[in-house]
Amino acid sequence: MRIVQLLPELNEGGVERGVVELNREYVKLEIESYVISAGGKLENQINIDGGKYIKFDVCSKNIFTAFSRVSALKKILKELKPDIIHVRSRVPAWLVHFANKNLNIKVVSTVHGFNSVGFYSSIMQKSDAVICVSNSIKEYIQKHYQTPENKITVIPRGIDLELFNPKNISNDFINSFKKENHLGDKFIISSVGRVTQLKDYETFIKAISLVKKEIPNVVALIVGGVRSDKQDYLNSLKKLVNELNLEENIIFTGSQSKIAEIYALSNVVVSSSKKPESFGRAVAESIAMNTPVIATNHGGVKDIIIENENGFFFEVGDEKELSDNILKSRDLKFDGYNYISSNFSLGNMVNRTIEVYKKVLEL
């Protein structure tokens with residue numbers, strides 16, 4: 001089988017990581033794997049893992065170059081002769097839609113998020129099969145596009161259980177990180193994600209202020225990078241920290257490469273996002289490290305957290321409910337690794353995606 005995956009760029013992000021992981025696993029299964037994108041930090045990884053990377057502009061929304069790009073993409077697809085084209089975003093999907101005229105190659109799309117409703121986004125429903133990363137996404141596209149049930153398969157994003165395995169973490173990193181940040185005897189609450197308004201770190205910080213009344217030695221880690229255009233937002237968060245006298249209780253760590261270790265050293269992980277997560281990879285990764293998660297009560301995380309077993313939900317912006325759930329989470333004990341392994345593993349994602357390909361090829 002020969003598969004071509006198309007996505008706008010190969011920089012860091014959940015979609016990008018998923019493509020890189022699938023490419024690697026396809027190669028292991030002796031599936032010919034091609035990835036087409038406009039470039040990015042991860043492009044070399046495709047070739048390193050045994051796939052073939054093709055750099056081509058499937059990112060630009062410039063309609064004046066669209067015709068020439070469709071023509072060039074058609075030539076690429078003619079040469080590759082793939083069994084399946086797998087599109088993961090709207091611009092690539094539109095380009096493929098026109099390039100695939102008369103080629104009649106089977107097309108699979110993956111809907112990764114709650115895209116704006118309209119003609120532009122409807123292209124993701126025009127494929128031979130549609131993969132949704134959560135039941136929430138499935139409900140969303142059925143509501144707005146009446147996508148037939150038999151065309152949709154829900155396949156959660158797979159978690160790399162080699163990387164997110166409590167047995168494989170670096171204790172040296174954990175020890176040095178704790179020492180560097182004076183976390184030796186602290187109750188650690190982490191929130192992982194880029195510093196943006198959508199992550200609602202204000203509610204997280206206010207909740208820490210309430211938790212501090214019950215757990216004086218609490219320390220919260222805000223783990224994520226800050227783009228230049230979000231610097232004002234970061235400054236507003238630091239101002240809030242000062243107003244609540246939490247200078248000793250909140251640490252902005254910036255980006256960290258050892259995310260599995262961050263989850264492992266945390267007593268609780270919080271996802272306070274205002275916007276529904278399409279899946280919630282960070283939630284699943286945290287649970288795999290046997291760390292309970294408190295998350296806002298919407299989106300794909302509702303497929304992952306089992307309330308009162310491996311975490312809790314709270315309503316968007318409700319710092320009191322969040323703080324109460326953080327306190328309750330101290331009593332949770334569970335085997336998160338095996339739970340994620342059974343339900344959200346990378347192997348499961350790979351096998352079920354290949355099943356979709358085979359089903360489409362039989363149509």
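Predicted model: local features only at pLDDT ≥ 70, side-chain atom pairs only at ≥ 80, totals over all residues.

1. Leaving out residues up to four places away in sequence, Ser191 touches Tyr201, Phe204, Leu221, Ile222, Val223 and Val270. You will find Ser191 in strand 8 (residues 187–192). Is Ser191 buried or exposed? With a relative accessible area of 3%, Ser191 is buried, because the cut-off for that label is under 20%.

2. Next, the nonpolar cores. The largest has 98 residues, and Leu6, Ile36, Leu73, Ile189, Leu221, Ile287 and Ile340 touch the most other members. Take Ile36: beyond its neighbours within four places in sequence, its contacts include Val4, Leu6, Ile54, Phe56 and Leu73. Apart from this core lies another of 16 residues, among them Ile31, Ile84, Leu346 and Val356.

3. On charges, there are twelve salt bridges in the structure. One of them pairs Arg281 with Glu21, with 3.7 Å between the closest N and O atoms. This pair links distant parts of the chain, since Arg281 belongs to helix 11 (residues 281–288) and Glu21 to helix 1 (residues 14–28), 260 residues apart. Both Arg281 and Glu21 are buried.

4. Lys320 is partly exposed at 46% relative accessible area, and Asp324 is partly exposed at 31%. Elsewhere, salt bridges with shared partners join Arg24, Glu25, Lys28 and Asp160 into one network.

How values were computed: Residues numbered from 1 in each chain as written. Heavy atoms only, no water. Helix = DSSP H or I, 4+ residues; strand = E, 2+ residues; numbered from the N terminus. Buried < 20%, exposed > 50% of the residue type's maximum accessible area, 1.4 Å probe, protein only. Contact = heavy atoms within 4.5 Å. Core = buried A, V, L, I, M, F, W, Y, C linked by side-chain atoms within 4.5 Å. Salt bridge = Lys/Arg side-chain N within 4 Å of Asp/Glu carboxyl O.
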